[in-house]
Amino acid sequence: MASQSKLSAIVLAAGKGTRMKSDLPKVLHPLCGRPLVEYPVAAAFEAGAAQVVVVTSGQPEIAQALRDRYGADRVAVVVQDPPRGTGDAVRFGLAAVLHPRTLILYGDTPLIRAQDLSGLLGAIDEPGTDLSILTALLENPFGYGRVLRDSSGSVREVREERDLRSDGERAVREVNAGMYAADTEKLREAVAQLSPNNAQGEYYLTDVVALVAQVSQVAAVQGEADALVGVNDRADLARAEDLLYARHRDRLRKAGVTIHGDARIDTGVEIAPDAEIGPGVCLRGKTRVGARSRVDVGSVLIDAEIGQGVDVKPYCVISQSSIGNGAQLGPFLHVRPESVIEADVHLGNFVETKKTRMRRGAKANHLSYLGDADVGERSNIGAGTITCNYDGFVKRQTIIGEGVFIGSDSHLVAPVTIGKNAYVATATTVTQDVPEDAMAIGRVRQENKPGYAAKLREKLAAAKKK
Ligand code: UD1
Ligand code: CA
């Protein structure tokens, strides 16, 4: 669209965020799996910005996080040092702005969406309006800048909490959300006139409102209260998190996913219709869940690719791995990175896999460690089987062909290969390759001593009496 190519956005992300009491810059604190600052940047692009300028205090991690996600050509990072207020930050940002319209967002207001910004952008296309600000009506406006209007109802200024002069002003419930759209040239003129004469001794961007209101029209566009939740401390972060997780659940329910209770589904996770997500489940990173799959109570999935019709029973942890259609997993299973679990595989309670391929229809139903292994189709791994894949220095491979039966409590000392349709007897320690169709057995022979149990009991009882 022609008008969209003319928009730049400035996202303010400088300052330490001292109220977070953290070594990590405030805007890098994760919210539903992504750093705070990514949300306004994403909203700006979605609202049509051709360029996003992020103002930071020079922390390389912030620039890195943004370049990784959006590419260096789309995001410009400018440094404001020291941070002398939001107005000063916009002055730095404007130096990099290329387009005739500018959208300004704060890096600590992550709940903003493109749809909340359309009214704001529409308003500055009206003749005679050079600035629009997003506002909201709050039950408790404490802490936010208040929107003060003149007797005719036109916006006169935004005044910060600390600078309010009367109870009348304090009672104003319309607050500044911290999002603005402006004619770039008019914004440059107004920002050049800012001075730090306020309670904080900072250059307030909000003073631009009064400056523009003196010469032209400022439009106040009322938005949803949720959109402006600003994250200043950990309590705000928790509130933003609750709201965003609830939004994700609502969106997915509308798309045909059953979600029970409080499942926490991070930004970017994809779930197909008719999937079912249990209470207490956490889905993180690039996790995808296919149609008709169920992820039951308390399971945690990180970068997991779940096929269709998969049953993940309660309390499984699956990370950086893929699960094929129709697989049945858990309860209490740990699939560790680089595992490939193919279709119709069964992995039961207390099974751990790491860098292991379980081929179609293979089973390990109870208590096993399978690391650096390749388990053939339809093979059955008995309870208590362990791949001894590590000698303290290097990891080694265990290759198991198709249709193999591994008896319970066997140890497979890698590197070792077990041929197709072979049989490993219970409690065998396998140290040599087993040929196809062979049976391997290696255990201490049993000896029975008739009547010895009774004799032993008498002996022990006599010893106790002494
Ligand atoms: C600001 C607004 C207030 C509004 C509220 C909404 C001002 C003066 N006040 O207050 O009217 O109701 O947001 O959430 O703008 N930043 C910089 N450089 C600086 C200072 C801040 O880049 O020198 C960035 C911060 O990283 C932050 C954002 O600007 O992301 C807002 O700064 P903050 O100090 O949190 O402002 P508030 O007190 O919340
Ligand atoms: Ca803030």
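Patches are made of residues with over 30% relative accessible area and no salt bridge; like charges are joined within 9 Å, nonpolar side chains (Val, Leu, Ile, Met, Phe, Trp, Tyr) within 5 Å. A salt bridge is a side-chain nitrogen of Lys or Arg within 4 Å of a carboxyl oxygen of Asp or Glu. Areas are Shrake-Rupley values with a 1.4 Å probe, and for residues only the protein chains shown count as cover.

I am working on a predicted model, where local features need pLDDT of at least 70 and side-chain atom pairs pLDDT 80 or more, while totals for chains, interfaces and linings use all residues. Residues are numbered from 1 along each chain as written, chains are lettered from A and ligands numbered from 1 in written order, and side-chain values use heavy atoms, without hydrogens and water.

**Surface patch.** I found Tyr315, Phe332, Phe350 and Leu367 forming a nonpolar surface patch of about 430 Å² accessible area together. Phe350 sits in strand β27 (346–354). Strands (E, at least two residues) and helices (H or I, at least four) are DSSP runs numbered from the N terminus.

**Calcium ion.** I looked up ligand 2, which Asp108 (OD) and Asn232 (OD1) coordinate at 2.4 to 2.6 Å. Donors are N, O and S atoms within 2.8 Å of the metal (3.2 Å for Na, K and Ca); water is not among the atoms, so sites may look incomplete. Asp108 is in the β6–α4 loop and Asn232 in the β11–α8 loop, 124 residues apart. Asp108 is buried at 14% relative accessible area; Asn232 is partly exposed at 22%. Buried means under 20%, exposed over 50%, partly exposed in between (1.4 Å probe, protein chains only).

**After α2.** I noted Gly71 just past α2, with a positive phi of about 90°.
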